[in-house]
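Here are a few notes to read alongside the model. Have a look at it first, then work through the points in order.

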Amino acid sequence: MGRNNALLLVLAIVTLAAFARLLPYTPRLLGYDTTAPTVASAPLVARAPVSLRSPSTIPSRLGERPLTLVAAGLLAELGLLGFILYSLARSSHVGTTFAALAGYRRNLAAILLVCTGVGFVAGVPEWTFPFIPWRMFSGAPAGEPVVDWVVGTTEDGRRVRIDLVSALAGLGHTRGREAVLDRIAAVVAADASQPASRRLELDNLLQAVARLHTRHTGVGLVRIGVTRHVMNAARPLTMSQLSLDPTWETQVRP
Amino acid sequence: MSSGARIQRGAVALAALRIWVFGLWTVKLFATPVGEIGLLPRAMFEPIGLLRLFPGSLMDVVLAQTFLDVARPILIGLCVAVALALPPYRVLSVTAALGLTLWQTLSRSVGVVNHPEVTLLLATYAIVIFPAADRLAPLRRRLYDASTYDAGVLVAALVVLLPYTASAGYRMAHHAWATLHSQIAPDLLLRQGFGNGVAWFAEVALTHPLVAAFINLGAVVTTLIEFAAPLAIVHRRLRWPIATFMVTFHVLMYLLIRVMFWETALLVPAVLLAVQMTECSEGTTQS
């Protein structure tokens with residue numbers, strides 16, 4: 001692939017990705033809408049003074065950063081991705097192989113690569129799966145790390161920590177664990193103002209977890225609940241120091 | 001090496017990837033009790049991706065344990081048939097890819113759209129687009145030109161390795177300060193280590209400054225190597241060092257915080273080996 005063709009291909013992917021990423025913000029950028037976009041990121045509102053001279057003041061969540069900083073980050077992200085794509089497209093092996101490829105396979109391969117590349121930058125997981133952004137291990141959420149455990153009480157009165165990965169293996173990998181913990185975080189962390197329907201949803205979920213735990217381990221549970229631990233890197237605990245006493249629990253229905 | 005031998009080699013490399021990719025799906029389907037999705041509360045599911053096109057009544061059918069219990073062996077059969085390149089290959093491979101996409105979409109319709117299996121799914125699309133059943137198959141088919149097979153292998157390698165660049169690029173562009181200043185690793189160790197009940201390393205790392213410093217340095221080095229990972233496709237000298245690093249990285253992540261992308265860990269060396277095969281044949285032809 002020639003230098004110009006490689007550059008054109010990379011520019012096309014990067015421009016399409018930038019356009020797709022900025023699309024949800026268009027009304028706001030044009031001044032037609034003052035409400036925050038709900039797709040791709042949280043509201044673009046700076047909540048605290050941010051200074052580049054003290055980078056620790058930069059919020060971890062992109063939605064809490066000033067618009068200029070988010071834009072600079074997006075430019076850097078596109079530049080980095082573009083650099084690797086250009087390096088690949090310029091290599092003789094990739095260039096000659098794709099230049100010689102003809103027919104519908106060339107088009108399908110191009111569509112797959114463009115969707116994958118645009119998905120990295122501007123994918124919306126709920127809509128564009130499997131062409132989604134890859135942003136793992138990026139930034140530490142604000143506040144003390146919180147660890148929730150699901151704990152059960154067995155028929156002989158023992159308290160056990162439920163292995164959610166095993167109990168919810170049907171969802172694959174750690175998805176079941178993450179899904180349950182996300183819902184727990186949304187309900188248990190809230191105060192009494194939480195609607196009863198949410199509590200009922202959590203109760204139903206934990207009943208299902210209890211049934212699946214029994215199905216996998218053969219150990220019956222009489223009660224199931226949630227234990228919340230607020231962690232601190234400065235004064236770390238050990239596993240044995242973490243209590244199994246539930247913050248909230250419910251009776252397991254037969 | 002003759003042009004014919006070069007084509008043969010490319011066809012074998014792509015066919016070997018077909019067996020590997022659909023073999024991994026087969027193992028994965030055997031190991032996953034898919035039917036148990038039907039035992040979870042219906043309220044937990046909010047369709048994503050393709051499933052958004054399904055009417056609610058159809059979702060009820062799809063989420064029924066009976067349907068899932070029947071669909072799983074069918075999907076296993078499809079994956080085995082495609083791995084073995086049984087006829088009618090094209091129909092079977094497209095159906096299998098569609099079925100796998102629906103399964104993966106369904107298992108993410110619980111509010112957690114995470115990344116394990118995504119590279120395997122993208123590599124599946126590459127296998128289905130290109131003629132991956134022309135060798136290592138019961139029927140010997142007419143061969144295409146070498147670039148067709150080489151392109152298939154390259155596309156599979158790109159979709160497996162480019163996500164590393166995307167992840168590292170995002171971290172470098174938006175969270176460079178946090179990555180450089182030890183904010184991510186301790187948080188990850190606390191949340192995931194204690195959350196998954198494998199806190200022995202978190203306990204050691206958080207109480208021994210030297211270990212913590214090593215972990216933080218590791219986070220920076222890993223980010224840089226992740227970013228450069230796709231260059232292993234085009235630079236022979238980088239190929240096996242990067243492959244070794246990435247596999248080690250995945251194994252370490254499992255040991256430390258029980259997060260394992262084993263499909264990707266098994267795909268990286270496989271796609272790079274396939275690239276090496278096509279590249280060797282090309283180099284020999286040129287000489």
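1. A word on burial first: a residue is buried if 20 or more other C-beta atoms lie within 10 Å of its own, exposed if 12 or fewer, and partly exposed in between, with C-beta atoms placed from the backbone. Helices (H or I, at least four residues) and strands (E, at least two) are DSSP runs, numbered from the N terminus.

2. Keep in mind that this is a predicted model, where local features need pLDDT of at least 70, side-chain atom pairs count only at pLDDT 80 or more, and totals for chains, interfaces and linings use all residues. Residues are numbered from 1 along each chain as its sequence is written, while chains are lettered from A and ligands numbered from 1 in the order in which they are written.

3. Now try helix H5 of chain B, residues 118–129. How many of the residues of H5(B) are buried? Twelve of twelve, so to speak a mostly covered helix; among them are Val118(B), Tyr125(B) and Ile129(B). From first C-alpha to last, H5(B) reaches 17 Å, close to the 16 Å expected at 1.5 Å a residue (1.5 Å times one less than the number of residues).

4. Over in chain A there are nine helices and four strands. Buried residues make up 32% of its 254 residues.

5. Chain A also has an open sheet of four strands, ordered S2-S1-S3-S4 with antiparallel pairing (two strands pair if DSSP finds at least two bridges between them). Its edge strands, S2 (159–161) and S4 (248–251) of chain A, each pair on one side only.

6. Finally, look at where S3(A), residues 221–230, meets S4(A): four bridges join these antiparallel strands. Val226(A) stands opposite Trp248(A) in S4(A).
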